[in-house]
Amino acid sequence: MDPILDRCSIRHFKDRKLTEEEIQALLRAGFSAPSARNLQPWVFVVIEDPIKIQNLRSFSPYAGPLESAPLAILVCADQHVNPSLDYCQQDCAAATENILIQAKAMGLGSCWLGGYPNPERIDKIREWVGLPEWLMPLWVIAIGQPDEKEIIKNKWNDQKIIRL
Ligand SMILES: Cc1cc2nc3c(=O)[nH]c(=O)nc-3n(C[C@H](O)[C@H](O)[C@H](O)COP(=O)(O)O)c2cc1C
């Protein structure tokens, strides 16, 4: 099993809470990401309370994976660290992909649920999570023990390679 090549989105999860060790391993992977000027502008909001996860579900019509997820990580950009938010999406996307790959390496499944820059989704997350102004909510990662067959896609595409 290769955690990068064999990762795929998982949208249904078993009813098992993640351990604190698992959560910390996922966060450590996120914190290990590269970031522009090494600003590390991310803040990870860890949500384990099933009621809070269900409340968050309606932030997007495509957030169905939160229905069974025992863990949601809301990825935010810290505007105290970087007021202009330049490069924050890239930085936080790198951290997010690290978490997805770490989840796979640990036998867990995950799904990235898009939010930013959709203004309605940002407002809904702000409203439900009660974030301070200086935190920009970007997106949510649903994580848990997979409860579906993994469908690994072969995305290799010769036509998307240019050799100079
Ligand atoms: C920025 C971004 C936003 C996404 N938003 C959603 C979403 O809202 N709901 C969802 O079920 N999947 C979402 N996905 C997962 C994609 O649908 C998925 O990565 C894509 O279909 C490729 O499948 P794979 O992850 O299995 O390789 C998102 C992925 C990215 C990178």
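**Around the ligand**

Start with the classes. The shell around the ligand holds five nonpolar, two polar and four charged residues. Keep in mind that this is a predicted model.

Now the names. R7, C8, S9 and R11 are in the shell, along with Y62. Then come C111, W112, L113 and G114. K153 and K155 complete the list.

Which atoms of R7 and R11 come up against the ligand's oxygen atoms? In both cases, polar side-chain atoms. For R7, the distance from such an atom to a ligand oxygen is 3.0 Å. For R11, it is 2.7 Å. W112 uses its backbone instead: an N or O atom there sits 2.9 Å from a nitrogen atom of the ligand.

How much of the ligand does the protein cover? The figure is 64% of the 630 Å² of accessible area that the ligand has on its own.

Next, the annotation. An unreviewed UniProt entry places "domain: Nitroreductase" at residues 4–52 and 85–144. Take residues 4–52: 31% helix, 12% strand. The end C-alpha atoms of that span are 30 Å apart. Now residues 85–144: 48% helix and 27% strand. Here too, the end C-alpha atoms lie 30 Å apart.

Last, confidence. The chain averages a pLDDT of 97, and 100% of the residues score at least 70. Where is confidence lowest, and where highest? The lowest is helix 4, residues 119–129, with a mean of 95. The highest is helix 1, residues 20–31, at 99.

Terms used: Residues numbered from 1 in each chain as written. Predicted model: local features only at pLDDT ≥ 70, side-chain atom pairs only at ≥ 80, totals over all residues. Heavy atoms only, no water. pLDDT = per-residue confidence, 0-100. Helix = DSSP H or I, 4+ residues; strand = E, 2+ residues; numbered from the N terminus. UniProt positions renumbered as here; feature names shortened; annotations may be inferred. Near = heavy atom within 4 Å. Polar contact = N/O pair within 3.5 Å; in protein donor to acceptor, adjacent residues only side chain to side chain. Areas by Shrake-Rupley, 256 points an atom, 1.4 Å probe, with all protein chains shown as cover. Nonpolar A, V, L, I, M, F, W, Y, C, P; charged D, E, K, R; others polar.
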